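Let us take a walk through a protein together, one part at a time. Please keep the sequence and the 3D view side by side as you read.

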Amino acid sequence: MEKNKTTNINRSDPQPPNLGGLRLFEWVVLGYCAFTLLLMALLWGQLVQPMPMLTGRLGIVAMTIALWQLHRRWPSRWTMMLRVAAQLMVLGWWYPDTYEFNRLFPNLDHLFASAEEALFGCQPALVFSQTCTSPLISEPLSLGYVSYFPMIATVALYYFIRHYDRFTHCAFVILGSFFLFYVIFIFLPVAGPQFYYAAVGTEQIAQGVFPNIGHHFLMHQEVLPIPGADGVFHNLVQIAHDAGERPTAAFPSSHIGASVVLLWLVREVRAYWLLAILGVLTTLMFFATFYIQAHYAIDAIAGIFVGTAFYFLLSNVHKLKHKVQRRQTTDSTDYSDF
């Protein structure tokens with residue numbers, strides 16, 4: 001059984017032979033930049049605000065290169081942490097960016113709402129929020145929902161401190177999962193109940209009427225208020241939604257999918273105490289996604305399976321890269337995570 005040793009994170013790293021290269025998690029970011037820049041070129045005349053999209057991408061590319069050069073000049077675990085942390089921090093910019101693409105396509109919420117009705121005989125997002133209004137329910141669920149980004153930071157930090165040799169593996173799996181979700185969101189224009197119900201009217205939704213609203217979200221972003229009683233975590237959810245929510249990214253739920261990825265990463269290093277904590281928060285988050293009407297219940301269910309698939313796909317990609325790298329060097333020292 002693998003021993004779990006705390007890494008000394010204060011020392012500078014030795015100059016490894018492969019220090020000059022970008023890490024796999026950075027190539028994922030640059031690859032997504034290149035892919036979406038190509039898509040922007042094809043859709044330039046239709047995009048509503050292409051220049052902020054372009055300058056944002058150029059800024060992220062410049063940041064990636066600058067931090068890479070910083071690490072080359074001052075190689076240490078702290079500069080590697082900075083490289084990873086910077087990419088995690090800009091995930092909040094990438095998420096609403098998917099809306100700029102999928103707003104160009106006809107909305108598909110009527111199909112997902114119909115599937116929800118056929119599966120459950122009702123709209124769980126509507127029924128749950130209308131029948132469970134007590135703060136004893138809304139506050140724990142809101143806590144689970146706002147734990148999303150702290151959970152990501154916690155897992156990354158845990159790997160940095162306790163399993164530094166796998167730190168960039170962790171970063172690659174997390175970032176790779178997000179960008180795979182973003183590719184889906186670009187081409188699958190599902191806004192979620194909070195936007196679709198607002199556009200159609202909750203009266204029609206309650207009657208089982210789910211009209212096709214076509215390109216409604218091309219220029220509309222009206223949203224229902226966050227359900228639940230007023231409270232600290234409820235207000236934090238509202239602040240988060242006001243800051244970055246767009247009619248995009250409903251199916252599958254990246255909140256659930258990414259959280260499942262985190263659970264697999266924690267299980268990988270046998271941190272069972274952390275797995276238990278994150279498991280509770282993920283369970284609360286699962287129900288919160290459709291309680292606050294950010295997702296249909298089927299979005300959350302799909303997130304479990306998609307997140308699991310992404311974890312194993314990306315883990316195997318990283319292992320394959322690691323094996324190839326080992327075959328290409330006669331040095332037995334593992335420098336892959338410096």
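What follows is a tour that goes from a helix to a pocket, then to salt bridges, loops and a surface patch.

A word on the ground rules comes before the tour. This is a predicted model, in which local features need pLDDT of at least 70, side-chain atom pairs count only at pLDDT 80 or more, and totals for chains, interfaces and linings use all residues. Residues are numbered from 1 along each chain as its sequence is written, and side-chain values use heavy atoms, with hydrogens and water left out.

Let us start with helix 9, which covers residues 167–187. The helices here are DSSP runs (H or I, at least four residues; strands are E, at least two), numbered from the N terminus. Helix 9 has 21 residues and reaches 31 Å from its first C-alpha to its last, close to the 30 Å expected at 1.5 Å a residue. That expected span is 1.5 Å times one less than the number of residues. Is helix 9 enclosed by the rest of the structure or open to the outside? Of its 21 residues, 17 are buried, so helix 9 is largely enclosed by the rest of the structure. Buried means under 20% relative accessible area, exposed means over 50%, and partly exposed lies in between (1.4 Å probe, protein chains only).

Next, look for empty space. Rolling a probe the size of a water molecule over the atoms shows where empty space is left. On a 1 Å grid over the protein atoms alone, a pocket is an open set of points with protein on both sides within 12 Å along at least five of seven lines, whereas a cavity is a set of points where a 1.4 Å probe fits but cannot get out. Lining residues have an atom within 4 Å of a point. Grid points are joined across faces, edges and corners, and a volume is the space filled by probe spheres set on the points. The largest pocket holds about 380 Å³ of space. It is lined by 19 residues, and the closest to its centre are Y95, Y148, F149, A240 and H255. Which helix supplies the largest share of the lining? Helix 12 does, with five residues. Among the helices that each supply at least two residues of this lining are helix 4 (91–102), helix 7 (135–146) and helix 8 (148–162).

Now for charged partners. A salt bridge is a side-chain nitrogen of Lys or Arg within 4 Å of a carboxyl oxygen of Asp or Glu, and a search of the whole structure finds four of them. In one, D97 pairs with R57, and their closest N and O atoms are 2.5 Å apart. D97 lies in helix 4 and R57 in helix 2 (residues 50–73), so the pair ties together parts that are 40 residues apart in sequence. Both D97 and R57 are buried. E100 and R103 also meet through their side chains, at 2.7 Å from N to O, and both E100 and R103 are buried. A further bridge joins E268 and R166 at 3.7 Å. Because E268 lies in helix 13 and R166 in the loop between helix 8 and helix 9, this pair ties together parts that are 102 residues apart in sequence. E268 is partly exposed, with a relative accessible area of 22%.

Between helix 12 (232–244) and helix 13 (254–268) you will find P252, which is joined to F251 by a cis peptide bond with omega at about -10 degrees. A249 sits in the loop between helix 12 and helix 13 too. Its phi is near 65 degrees, a positive value in a residue other than glycine, and A249 counts as buried at 3% relative accessibility. In the loop between helix 14 (272–291) and helix 15, Q293 has a positive phi of about 70 degrees although it is not a glycine. Q293 is buried, with a relative accessible area of 5%.

We finish on the surface. L119, F120, I301, I304 and F305 form a nonpolar patch with about 480 Å² of accessible area together. The elements that give two or more residues to this patch are helix 5 (109–120) and helix 15 (297–327), and helix 15 gives the most, with three. Patches are made of residues with over 30% relative accessible area and no salt bridge, where like charges are joined within 9 Å and nonpolar side chains (Val, Leu, Ile, Met, Phe, Trp, Tyr) within 5 Å. Accessible areas come from the Shrake-Rupley method with a 1.4 Å probe, and for residues only the protein chains shown count as cover. F120 is found in helix 5 and counts as partly exposed at 37% relative accessibility.
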